Amino acid sequence: QRENAMTVHAILESKGHQIISVTPDATVADAVKVLGDKRIGAILVMNGSTIEGILSERDVVRKLHERGAELLVQPVSEIMTTLVATCAPSARCVPP
């Protein structure tokens, strides 16, 4: 199966290289708008060129369930996942 693995570079060539992000102080509502407008399931949270975290639709739904609508005015830094795995474009993605 390793011979069928695509590289991250090849995936980015087909999907695009644009980075969609918000700042840590953006509200959850702002991030949700970007997720919906761009039709994506997760967004990077960046401070300049530094990745501070990632916010997914799942993060938002779980926290909305816990905290209610007041979550929407909170900064994304309060609910984002801070442990973000990264890799080089040459990394291979092995299918399951």
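This note sets out the main features of the structure in numbered points.

1. Basis of the note. The model is predicted, so that local features need pLDDT of at least 70 and side-chain atom pairs count only at pLDDT 80 or more, whereas totals for chains, interfaces and linings use all residues. Residues are numbered from 1 along each chain as its sequence is written, and side-chain values use heavy atoms, with hydrogens and water left out.

2. Overall build. The chain contains three helices and five strands, where helices (H or I, at least four residues) and strands (E, at least two) are DSSP runs numbered from the N terminus. Read from the N terminus, the order of the elements is β-α-β-α-β-β-α-β. Along the principal axes, the C-alpha atoms occupy a box of roughly 50 × 30 × 25 Å.

3. Burial and surface. The chain has 96 residues, and 22% of them count as buried; buried means under 20% relative accessible area, exposed over 50%, and partly exposed in between, with a 1.4 Å probe and protein chains only.

4. Contacts. Among the contacts in the chain with a separation of 6 or more, 56% join residues 24 or more positions apart. A contact means heavy atoms within 4.5 Å.

5. The sheet. Three strands form an open sheet in the order β2-β3-β4, with mixed pairing; two strands pair if DSSP finds at least two bridges between them. β2 (21-22) and β4 stand at the edges with a single partner strand each, so one side of each has no neighbour in the sheet. The pairing of β2 with β3 is parallel and has two bridges, and S21 stands opposite L44 in β3. β3 and β4 run antiparallel and are joined by six bridges; M46 has I51 in β4 as its bridge partner.

6. Two residues separate β3 from β4 in a hairpin, and G48 in the turn has a positive phi of about 70°. Most residues other than glycine have a negative phi. R39, a residue other than glycine, has a positive phi near 55°. R39 lies in the loop between α2 (28-38) and β3 and is exposed, with a relative accessible area of 76%.

7. P89. This residue, P89, belongs to the loop between α3 (57-67) and β5 (92-93). P89 is partly exposed, at a relative accessible area of 46%. P89 and T7 are 82 residues apart in sequence, yet their C-alpha atoms are 6.7 Å apart. Beyond its neighbours within four places in sequence, P89 is in contact with T7, V8 and H9.

8. The largest pocket. A pocket is an open set of points on a 1 Å grid over the protein atoms alone, where a 1.4 Å probe fits, with protein on both sides within 12 Å along at least five of seven lines; lining residues have an atom within 4 Å of a point. The largest pocket has a volume of about 890 Å³. Its lining comprises 23 residues, of which L12, G16, Q18, I19 and L44 lie nearest the centre of the pocket. α1 (8-15), β3 (42-47) and β4 (50-56) are the elements that give two or more residues to this lining. By class, the lining has 18 nonpolar, four polar and one charged residues; Ala, Val, Leu, Ile, Met, Phe, Trp, Tyr, Cys and Pro count as nonpolar, Asp, Glu, Lys and Arg as charged, and the others, Gly among them, as polar. Grid points are joined across faces, edges and corners, and a volume is the space filled by probe spheres set on the points.
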